[in-house]
Amino acid sequence: MTEVIQPALTIDALGKKCPIPIIMLAEQINYVPLNAVIAVLADDPAAFTDVPAWCRLKSHRHVGSYELPQGGWSIHVRRNY
Amino acid sequence: MGLVAYFDAASTEPLHPQAREALLAAIDVGWADPARLYGQARRAHLLLEQARTEVAEALGARPDEVSFTSSGTQAVHLGVLGTLHGRRRAGRHLVTSAVEHSSVLHAASLHERGGGTVEIVGVDLRGRVDPAAFTAAVAGPDTGLACLQTANHEVGTLQPVAEVAAACREHGVPLLVDAAQTAGRLPIPEGWSVLTASAHKWGGPAGVGVLAVRKGTRFRSFLPEDERERRRVPGFENVPGIVAAAAALRAMTAEAARERDRLSALVDKIRRTVPEIVPDVEVIGDPVERAPHIVTFSCLYVDGEVLLTELDKAGFAVSSGSSCTASTLRPSHVLEAMGVLTHGNVRVSLPRGASAAEVDRFLAVLPDVVHRIRQDAGVA
């Protein structure tokens, strides 16, 4: 866990159903500097697949998905452009 | 209701006119118990065996290898668990792909709960299993059965059945092939030990499935003893339904070569056009190695249920693997396993006779529907 980069911004999408977490991510990725990491907190199982898929489609980088103690994940995305 | 284009053949193909005719005739003459010895019963028996011969021929099986079930799901349940039961001394390890129909995966869970083991082989971004990975899984010492679909029901991708079948044969492992999406549309691949299919997917009536067990494959039903269908399937046969299923399969198979090229060209058009006219869309599945009639795409930032509702209002019956439209809260296990976008998902599956005009109307309507939903969500 020591290698997990501190995100520049955290989006709380807990309790929100897809596509809302993805919409929030798309809106807010431009608020972080290039190469910074943005974290999406989500507990909709669709987000676990859809955030990495969004990164692939949008050419950003999915850094990793880390389980949260209360359920759900913190899904880290690096802004590429 | 105005003009509705039915684009959900992968859920169920509308009843073929020849099946309807056969069904009505068989209800009158094929109602008696085919296991009895009087005139009406012999008549029902004759109809049943004629249908069995026709279905066997269309699927590349021998008539005595074919049993009729009450559904494709039941055929899979009986096929998976019956083959594992028949081979319980050889091994209790089951190998399957991550994108099989839920009937396979649920049978696998039951097998696991009963003390067996299950290995699920993943797929690539296009939804295809890697034959080498599948073979490696099959090669284990105690594999009782392997299962692989001909084509995926949600994205249409064809699986490497022939390659996997050759590997299974080499390792002495029976292969169950689920042909639900392609029977009547594409030739059945060689090399299966157990074959399952569902009549309502090829234009037959609901309530008829096929379980074919290749001669020499060890099989033992796990259910209480019953004399019907070579002891493989319990219960009184649905003779009129089976007769209609055979008529539909005969008709579909006769038209298949021409119709699959026509439908496949329409699918190609959808695959090509959708990304050109709708921004932020991912067309899913293999563009070439695919079932002729299925195309799936996901629209970013769109709620799948809203999209289906809007398309329904616009006169299109389509399906979706998005979680909000499924009976569970999880998105489709197929889309998850592929690692593709699960929200905003639409599956278009063209029935026999789907017209170019209907497809054009769909392509004309789609961009605006998606745009409006995105606008309402504050994205467009």
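Me: What should I know about the model and its numbering?
Reply: This is a predicted model, where local features need pLDDT of at least 70, side-chain atom pairs count only at pLDDT 80 or more, and totals for chains, interfaces and linings use all residues. Residues are numbered from 1 along each chain as its sequence is written, chains are lettered from A and ligands numbered from 1 in the order in which they are written, and side-chain values use heavy atoms, with hydrogens and water left out.

Me: Back to Glu310(B). Where is its place?
Reply: Glu310(B) is in helix H8 of chain B. Helices (H or I, at least four residues) and strands (E, at least two) are DSSP runs, numbered from the N terminus.

Me: Which residues does Glu310(B) touch, leaving out those up to four places away in sequence?
Reply: Val369(B), Arg372(B) and Ile373(B). Contact means heavy atoms within 4.5 Å. The side chain of Glu310(B) also has a polar contact of 3.0 Å with that of Lys313(B). A polar contact is a pair of N or O atoms within 3.5 Å; within protein, one must be able to donate a hydrogen and the other to accept it, and residues adjacent in sequence count only if both atoms are side-chain atoms.

Me: Which residues of H8(B) are buried?
Reply: In H8(B), residues 304–313, they are Gly304(B), Leu307(B), Leu308(B), Glu310(B) and Leu311(B). They lie on the same side of H8(B), because they cover an arc of only 165° around the axis. The arc is that of the directions from the helix axis to the C-beta atoms.

Me: What covers them?
Reply: The cover includes strands S10 (294–299), S11 (316–317) and S12 (345–349), and helix H10 (356–376), of chain B.

Me: And what is at the start of H8(B)?
Reply: There, a side-chain oxygen of Asp303(B) comes to within 2.8 Å of the backbone nitrogen of Glu305(B). Following H8(B) is Gly315(B), with a positive phi near 95°.

Me: New topic. How many salt bridges are there over all chains?
Reply: The count is 23. A salt bridge is a side-chain nitrogen of Lys or Arg within 4 Å of a carboxyl oxygen of Asp or Glu.

Me: Which residue forms one with Glu255(B)?
Reply: Arg352(B) does, with the closest N and O atoms 3.0 Å apart. Arg352(B) lies in the loop between S12 and H10 of chain B and Glu255(B) in helix H7 (residues 239–277), so the pair ties together parts that are 97 residues apart in sequence.

Me: Is Glu255(B) buried or exposed?
Reply: Glu255(B) is buried, at 18% relative accessible area, whereas Arg352(B) counts as partly exposed at 30%.

Me: Now the two chains. How many residues are in contact?
Reply: 21 residues of chain B contact 17 residues of chain A. The two chains bury about 1,400 Å² between them, 62% of it on carbon and sulfur atoms. Buried area is the accessible area (1.4 Å probe) that two parts lose on being put together, summed over both.

Me: How many salt bridges cross that interface?
Reply: The rule finds 2 between chain B and chain A. Arg56(A) and Glu282(B) meet in a salt bridge, 2.7 Å from N to O.

Technical notes:
Buried < 20%, exposed > 50% of the residue type's maximum accessible area, 1.4 Å probe, protein only.
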